[in-house]
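Keep the picture open as you read.

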Amino acid sequence: MKTFRVIACAALVLLWTGAALAQDLPDKVQKRYEALKSFQADFDQELTNAATREVEKRTGVMGFQNPGLVRWETLTPEKQLLVVGKESVWDYIESESQVIRYRADQAFTSKTMIRFLSGQANLKEDFKVVMQGEDQGLNKVKLVPKEPEPGLVLAYLWVDDEGTVKRVFIVDFYGNGNLVALKNFQQGYKHPADAFSFTPPKGVTILDNTKQQ
């Protein structure tokens, strides 16, 4: 009976600890990114097609600077540049000689990968947070959106003890997966003055979506 009581108490402690972590981690992530002025990191991305099970692998560099400036540069297998500036968002696909322009306030309206990696997603308000324990030295967190969108019905985060998001896995309505892992994380990185601005090259087709709601 004594052994049973010890196991029961241990189980209660673990449950309480898990619940506390689930409550504290979202706040820790938000506070971390509020205090984080800038960073740069390399990324590995895997896009999995649910129907064919084909996996497309991409690599690149991500830059971030508060408040909410992002430079997402895909280097392989083809070059693509996404710049979230103060006033405009530019999505430039070099091989297609085309760039799409959005308003800056359109950048974080949905629960996109960029929102998670730059700490703009509101974990506490938008998701049910379920702790998954430790995975490869990181805190794994399952996020179930309170209001699912076609682009996100389930997500997982891997967060270090400081509250920095290191990996994100997003599943959309069709079961497609989007996994991004950050590496070579450089906190306080000094970005060039033009890192978060973009001037379309000559001859590039510009699709302007800034007037969309």
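Below, we start with the aromatic rings and then turn to one strand and its partners.

## Rings that pair up

First, a heads-up: this model is predicted. Search the whole structure and you get 8 aromatic pairs. To describe a pair of aromatic rings, you give the distance of the centres and the angle of the planes.

Take Y33 and F64, an edge-to-face pair with 6.4 Å from centre to centre and 75 degrees between the planes. This pair ties together distant parts of the chain, as Y33 belongs to helix α1 (residues 2-35) and F64 to strand β2 (residues 55-65), 31 residues apart.

F185 has something else going on: the charged end of K166 sits over its ring, 4.4 Å from the centre. You can find another case at Y156, where the charged end of K140 sits over the ring, 5.1 Å from its centre.

## Strand β5, tucked inside

Next up is strand β5 (residues 88-93). Why is this strand described as largely enclosed by the rest of the structure? Because 6 of its 6 residues are buried.

Check which way the side chains go. S88, W90 and Y92 point one way from β5, while V89, D91 and I93 point the other way, and all are buried.

## Neighbours of β5

Strand β4 (residues 80-84) runs antiparallel to β5, and 5 bridges join them. One of the links is between V84 and its bridge partner in β5, V89. Getting from β4 to β5 takes a hairpin through 3 residues.

What about strand β6 (residues 98-103)? It is joined to β5 by 6 bridges, and these two strands run antiparallel as well. Here I93 has Q98 in β6 as its bridge partner. β5 and β6 form a hairpin with 4 residues between them, and S97 in that turn has a positive phi of about 50 degrees.

How values were computed:
Residues numbered from 1 in each chain as written. Predicted model: local features only at pLDDT ≥ 70, side-chain atom pairs only at ≥ 80, totals over all residues. Heavy atoms only, no water. Phe/Tyr/Trp six-rings, centres within 6.5 Å; stacked < 30°, edge-to-face > 60°. Lys NZ or Arg CZ within 6 Å of the ring centre and 35° of its normal. Buried < 20%, exposed > 50% of the residue type's maximum accessible area, 1.4 Å probe, protein only. Pairing = 2+ DSSP bridges.
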